[in-house]
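Here is a short briefing to read alongside the viewer. Please have a look at the structure first, and then walk through the points below.

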2 protein chains.
Amino acid sequence: MAGRRRWSTEEILDAAAELLRTSDTDSFSVRKLAAALGTDSSSLYRHFRSKTELLRAVADRILLAAVDGYHPEGDWKQRITALALRVREAFRQQPQLAAVWGRYASSGTGSRLVMEEVLQALRAAGVPDEEIPARYHRIAILIAALIASEAGVSAITPEEQEQGMELFRVAVLGADPERFPALAHFARDVRPLGVDRRAAFEEILAAHLVHIEAHRAGFSGAGTPSTPCDTPC
Amino acid sequence: MAGRRRWSTEEILDAAAELLRTSDTDSFSVRKLAAALGTDSSSLYRHFRSKTELLRAVADRILLAAVDGYHPEGDWKQRITALALRVREAFRQQPQLAAVWGRYASSGTGSRLVMEEVLQALRAAGVPDEEIPARYHRIAILIAALIASEAGVSAITPEEQEQGMELFRVAVLGADPERFPALAHFARDVRPLGVDRRAAFEEILAAHLVHIEAHRAGFSGAGTPSTPCDTPC
DNA sequence: ACCTGAACACCGTTCAAGT
DNA sequence: ACCTGAACACCGTTCAAGT
């Protein structure tokens, strides 16, 4: 007879990950998770103190799945970029998870693997040990912010997205050329935040890594021989 | 006699901004806004089709307040930085607003003023006209992502923040040195995402602007005379 | 010892019925 | 023409009562 069995924490996490992956549009809730497991939401509160704690645990699984099959390749920038793109892909279409992760990075094996790889890449880059924690911190913030905000965009309904697009068009095309000359001039080419996110992600991250490389060269004197770059450039 | 008056859209927006500003911890809701106005939530749906539409309108007011009193000063990088810091400050402690704004930039006068200033600064930087829309797009994404994710951190309860801190400590300090050598090595210095956000914001933005400057120099040949920088550095 | 039902205190949104 | 009450379909979380 179907009902009444005990669910392990593992099984609950699996079911939560599954539910988050399949239910694209509508939002995740403890009650829906309980329903999917054929139990009552109150039962889940024996395994988790709060919804946030549950989501944090699932976020680490996503991270784990993201690094699964990853092997370092290329130079340190390529390694960080490849890893970041994997994490980004893993969190896409799972807005609530990305938001939680962005708020406060998870803490399990997945998180450790990502941290380890980025730290090693920074060492390979030749960044002095004493600067690595700060560099890591900035990279983590940048990547988490971009992924979380991207997930936020895909979290709203298509209608709201279309409304937002329309508002943007009105703001840009309807700008008074007297008061907003530059905006009026670029009106046809300026784009809303929601488009072209993948390219933007890669470019912004690349720019940040190049900046680190330049600084490292400035400090250690071991930059590419052709371009000394001793002013911040 | 107190009850039963008509509220203009303006008054509702003012009250919403006020409520968002004062109610630090607990979350904003249409019902609470209605209660603050002494009316029923259903009345508000004559003025706004949805909560999102309402929040978008308030977000533009915040933007307007952010640029109030702003005057361009210094070089183009300083102008963009000063403006970004103002916007950041305006959205702090208003997580729900920042999230909505991050999802889809607002559309009123506030938004226009910010766009105008950034576009003018990019022109002043000497970025070729045909590149400005793309550069603007990346800058806007970067700033919005950082601000929204920062607001996300301050949105969670202190208890959840402390839990997250504890989880982070466990993840870092408890890492097996065999499996995570770099993480174990930097364990004492690596910091969680939530700390030092202001410095991180300034540094990440500065790095991005420096990158634009370097590229502009590479393309136009009008960089600082001492450092040609024709490779991406 | 474990789980459940029912409740508490909320949400956003709609719409018939009132004034 | 405008507004309201009441309802719909949800939330996260708790806890006494059951098995």
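Predicted model: local features only at pLDDT ≥ 70, side-chain atom pairs only at ≥ 80, totals over all residues.

Chain A is built from 11 helices, with zero strands, and 77 of its residues are in contact with 78 residues of chain B.

**Fold of chain A**

- Of the 233 residues in chain A, 51% count as buried.
- Helix α8 of chain A (residues 132–155) has 24 residues and spans 34 Å from its first C-alpha to its last, close to the 34 Å expected at 1.5 Å a residue.
- That helix, α8(A), is mostly covered, with 21 of its 24 residues buried.

**Where the chains meet**

- About 7100 Å² is buried between chain A and chain B, and carbon and sulfur atoms give 68% of that area.
- There are 22 residue pairs in polar contact between chain A and chain B, counting pairs with both residues at pLDDT 80 or more.
- Elements of chain A that give two or more residues to the side touching chain B are α4, α6, α7, α8, α9, α10 and α11.
- Helix α8(A) supplies the largest share of that side, 15 residues.
- By class, the side of chain A that touches chain B has 42 nonpolar, 19 polar and 16 charged residues.
- In helix α6 of chain B, the buried residues are B:P95, B:L97, B:A98, B:V100, B:W101 and B:G102.
- Cover for the buried residues of α6(B) includes α8 of chain A, along with α1, α4, α5 and α8 of chain B.

- B:T52 sits in helix α4 of chain B and is buried, because its relative accessible area is 18%, under the 20% cut-off.
- Beyond neighbours within four places in sequence, B:T52 is in contact with A:E160 and B:V100.
- A:L19 belongs to helix α1 of chain A, and it counts as buried at 18% relative accessibility.
- Setting aside neighbours within four places in sequence, A:L19 is in contact with A:F28, A:K32 and A:L33.

**Salt bridges between the chains**

- A:R138 and B:D196 meet through their side chains in a salt bridge, at 3.5 Å from N to O.
- This pair crosses between chains, from helix α8 of chain A to the loop between α10 and α11 of chain B.
- A:R138 counts as buried at 7% relative accessibility, whereas B:D196 is partly exposed at 40%.
- B:R138 forms a salt bridge with A:D196, with the closest N and O atoms 3.5 Å apart.

**Salt bridges around B:E150**

- The side chains of B:R88 and B:E150 meet in a salt bridge at 2.4 Å, N to O.
- B:R88 is in helix α5 of chain B and B:E150 in helix α8 of chain B, so the pair ties together parts that are 62 residues apart in sequence.
- Both B:R88 and B:E150 are buried.
- B:E150 also meets B:R92 in a salt bridge, at 3.8 Å from N to O.
- B:R92 lies in the loop between α5 and α6 of chain B, 58 residues from B:E150.
- With a relative accessible area of 35%, B:R92 is partly exposed, while B:E150 counts as buried at 9%.
- In chain A, salt bridges that share partners join A:R88, A:E89, A:R92 and A:E150 into one network.

Terms used
Residues numbered from 1 in each chain as written. Chains lettered and ligands numbered in written order. Heavy atoms only, no water. Helix = DSSP H or I, 4+ residues; strand = E, 2+ residues; numbered from the N terminus. Expected span 1.5 Å × (residues − 1). Buried < 20%, exposed > 50% of the residue type's maximum accessible area, 1.4 Å probe, protein only. Contact = heavy atoms within 4.5 Å. Buried area = accessible area lost by both parts, 1.4 Å probe. Salt bridge = Lys/Arg side-chain N within 4 Å of Asp/Glu carboxyl O. Polar contact = N/O pair within 3.5 Å; in protein donor to acceptor, adjacent residues only side chain to side chain. Nonpolar A, V, L, I, M, F, W, Y, C, P; charged D, E, K, R; others polar.
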